[in-house]
Amino acid sequence: MNEASQHSGSGKLRTFGARFLSTVILLSILAGVCFWGNVWGYRLMLSAMCMLTSWEWGSMLRSSGRASQPWLSTVYGIVYPLVIVGSFAWMEWGSAELVTTADMLKEIQSLIIGAPVLLLIMSFIWEMRRPVVGNRPLHTVACTVLSFLYPVWMFSFAFLFTGTEPSCVLLLGLILLTKLSDIFAYVSGLLLGGRFVEKKLIPHISPKKTWEGLTGSYILTMAAIIWWGIMQWGEFSWLMLPYGTLFFLLAVTGDLSGSLVKRSLSIKDSGSLLPGIGGFFDLIDSLAFTMSVVSVALIIIGA
């Protein structure tokens, strides 16, 4: 083995070690929330993730120099989960009327749906202070709104799973399955990447992702989904295969979308709080897709 190969191998091992350590820490926090066994643990955890991601998006926009309103999107993204949590608190503890879980989640659903509308209006009003130079106003408003929509707004649909403890168990399962798909892809790519298919998966967005990583992740993620489904419902159903495949594709698309955003802003990681992973945007980019689509699907079918 030549020196370059040794350096590359040791670099991959260091990255894997850092990512493994960050994963252990995050799982420990998640275990603490589970051990607490209270819906408020999940709500506070989701709020912290949304707020940290909003701060990272603002930092990314400021450092990139792109036309945007980073402070507006940052403040809005930080206040937004606090409003949701405050609404939960008021309905559960401060309301004089008896509020059912269904009524409470309907109110939170209205808050989630309406949030982008208010930000869009605020962004246009804020941009009206400046002279119109080319298409800069459109870029500014678009970047500002996008920095809230993805992933904070999309991920905030996870709050709809925090009405009761059983629904929090479903939330936990969705989080773990989504992140397992990321971990499986990384490990499969590390062990098998380039051995069977020389061409990369999508090199103009993520040069390191391989077809072997995608295939290995799909097989292992589907096995995890089937196992989780059997544990939840006590039997195997063939519907697990198409639904599981859709879930996996959403997780992959979310991960690649995060890479597309970072490449567009000419940065590698959204932050450095999570060694080997990057920032919280790097953590929840795929979760934003799975959480929002699953939530909307459940709303449509009335579950």
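Student: What is the volume of the second largest pocket?

Tutor: In this predicted model, the second largest pocket has a volume of about 750 Å³.

Student: Which residues are closest to the centre of the second largest pocket?

Tutor: A pocket is read through its lining. Here 22 residues line the second largest pocket. Closest to the centre are Trp228, Trp233, Tyr243, Val294 and Leu298.

Student: Which elements give two or more residues to that lining?

Tutor: Four helices are named: H6 (165-192), H7 (211-233), H8 (240-264) and H9 (280-301). Helix H8 gives the most, with six residues.

Student: How do the lining residues divide into nonpolar, polar and charged?

Tutor: Sort them by side-chain class. The lining of the second largest pocket holds 18 nonpolar residues, three polar and one charged.

Student: Let's turn to strands. In which sense do E1 and E2 pair?

Tutor: The general idea comes before the case. In a regular strand, side chains alternate between the two faces of the sheet. Now the case. Strand E1 covers residues 200-202 and strand E2 covers residues 206-210. They pair in the antiparallel sense, over two bridges.

Student: Which residue in E2 stands opposite lysine 200?

Tutor: Threonine 210 does. Look also at the link between the strands. E1 and E2 form a hairpin, with three residues between them.

Student: Next, charged pairs. How many salt bridges does a search of the whole structure find?

Tutor: The search finds six. To call one, look for a side-chain nitrogen of Lys or Arg within 4 Å of a carboxyl oxygen of Asp or Glu. Lysine 179 and aspartate 182 meet that way, at 2.6 Å from N to O.

Student: Where do lysine 179 and aspartate 182 lie?

Tutor: Both lie in helix H6, three residues apart. That spacing is about one turn of the helix.

Student: Are lysine 179 and aspartate 182 buried or exposed?

Tutor: Check the relative accessible area. Buried means under 20%. Lysine 179 has 16%, so this residue is buried. Aspartate 182 has 17%, so aspartate 182 counts as buried too.

Student: What does aspartate 282 form with lysine 262?

Tutor: The two form a salt bridge, with the closest N and O atoms 2.4 Å apart. Aspartate 282 lies in helix H9 and lysine 262 in helix H8, so the pair ties together parts that are 20 residues apart in sequence. Aspartate 282 is buried at 7% relative accessibility. Lysine 262 is buried at 10%.

Student: How far apart are the closest N and O atoms of aspartate 269 and lysine 268?

Tutor: They are 3.8 Å apart, and the pair forms a salt bridge. Now read the accessibility. Aspartate 269 counts as partly exposed, at 32%. Lysine 268 is exposed, with a relative accessible area of 64%.

Student: On to the backbone. Is the peptide bond from tyrosine 150 to proline 151 cis or trans?

Tutor: Read the omega angle. For this bond omega is near 5°, and the bond is cis. Proline 151 is found in helix H5, residues 136-155.

Student: What is the phi of serine 266?

Tutor: The phi is positive, about 60°, although serine 266 is not a glycine.

Student: Where is serine 266, and is this residue buried or exposed?

Tutor: Serine 266 sits in the loop between H8 and H9. Its relative accessible area is 63%. Exposed means over 50%, so serine 266 is exposed.

Terms used. Residues numbered from 1 in each chain as written. Predicted model: local features only at pLDDT ≥ 70, side-chain atom pairs only at ≥ 80, totals over all residues. Heavy atoms only, no water. 1 Å grid on protein atoms, 1.4 Å probe; cavity = no way out; pocket = protein on both sides within 12 Å on 5 of 7 lines; lining within 4 Å. Points joined across faces, edges and corners; volume = space filled by probe spheres on them. Nonpolar A, V, L, I, M, F, W, Y, C, P; charged D, E, K, R; others polar. Pairing = 2+ DSSP bridges. Buried < 20%, exposed > 50% of the residue type's maximum accessible area, 1.4 Å probe, protein only.
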